[in-house]
Amino acid sequence: MDTGANQEGYPLVTVNVYVAEATVSGYVGVLSQDSDLELIEAKANYDVTSTSGVAKLYNCAATEAPASGVALLTSAGIDLAGTARTPVSGVLATTTSARRVPKGNSLGLGISGTMTNLVGGVITLTFKRVN
């Protein structure tokens, strides 16, 4: 869903990924067919925390497994075991090129740790369109 525009006038794109106790790693889907996207924010929130779950995001070319692409966040990922109903931000990769998802690539989601007890989890990703 487009929710605004960046300084260059391109619409922002927001993607919500719902996660729960049974969530496994996988593809979120192809994000853009008309332009490259750059991740500008990644946040998670949940009603009940996991035991020790962590979510990681990857830029995946067509032939790559979900967790084999380029990491869009630092190695810490997004903590899914923090405080319930308190948004947690992921730390973005330090270089712009590492945060870019080229046109036609997929967003891979890698889940690690113990997801036991996680309820009502949502990861909200905000991207800006880039040339």
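Me: Two strands count as paired if DSSP finds at least two bridges between them. In this structure, which residue of strand 7 is the bridge partner of Val 54?

Reply: The model is a predicted one. In it, Val 54 has Asp 79 as its bridge partner in strand 7. That bridge belongs to the pairing of strand 5 with strand 7 (residues 78-79), which is antiparallel and has two bridges.

Me: With which other strands does strand 5 pair, and over how many bridges?

Reply: Strand 5 and strand 10 (residues 106-112) pair in the antiparallel sense over seven bridges. Within strand 10, Ser 106 stands opposite Cys 60. Strand 5 is also joined to strand 6 (residues 70-71) by two bridges, and these two strands likewise run antiparallel. Ala 71 in strand 6 stands opposite Tyr 58.

Me: How should I read the cover over a strand: how many residues of strand 5 are buried?

Reply: A residue is called buried when its relative accessible area is under 20%. In strand 5 (residues 54-60), six of the seven residues are buried, and the strand is thus mostly covered.

Me: What share of the contacts joins residues 24 or more positions apart?

Reply: Among contacts with a separation of 6 or more, 80% are between residues 24 or more positions apart.

Me: Which residues touch the most other members of the largest nonpolar core?

Reply: That core has 25 residues, and those touching the most other members are Leu 57, Ile 78, Leu 80, Leu 109, Ile 123, Leu 125 and Phe 127. At least two residues of this core come from each of strand 2 (11-19), strand 4 (36-45), strand 5, strand 10 and strand 11.

Me: Is Glu 38 buried or exposed?

Reply: Glu 38 belongs to strand 4. Glu 38 counts as buried because its relative accessibility is 5%. Its side chain makes a polar contact with the side chain of Arg 99, at 3.3 Å. Glu 38 is also in contact with residues including Thr 96, Arg 100, Phe 127, Lys 128 and Val 130.

Me: Where does Val 70 lie, and which residues does it touch?

Reply: Val 70 is found in strand 6. With a relative accessible area of 44%, Val 70 is partly exposed, because that class lies between the limits of 20% and 50%. Not counting residues up to four places away in sequence, Val 70 touches Leu 57, Tyr 58, Asn 59 and Ala 98. From Val 70 to Leu 107 the C-alpha to C-alpha distance is 9.8 Å, and the two are 37 residues apart in sequence.

Definitions and conventions: Residues numbered from 1 in each chain as written. Predicted model: local features only at pLDDT ≥ 70, side-chain atom pairs only at ≥ 80, totals over all residues. Heavy atoms only, no water. Buried < 20%, exposed > 50% of the residue type's maximum accessible area, 1.4 Å probe, protein only. Helix = DSSP H or I, 4+ residues; strand = E, 2+ residues; numbered from the N terminus. Contact = heavy atoms within 4.5 Å. Core = buried A, V, L, I, M, F, W, Y, C linked by side-chain atoms within 4.5 Å. Polar contact = N/O pair within 3.5 Å; in protein donor to acceptor, adjacent residues only side chain to side chain.
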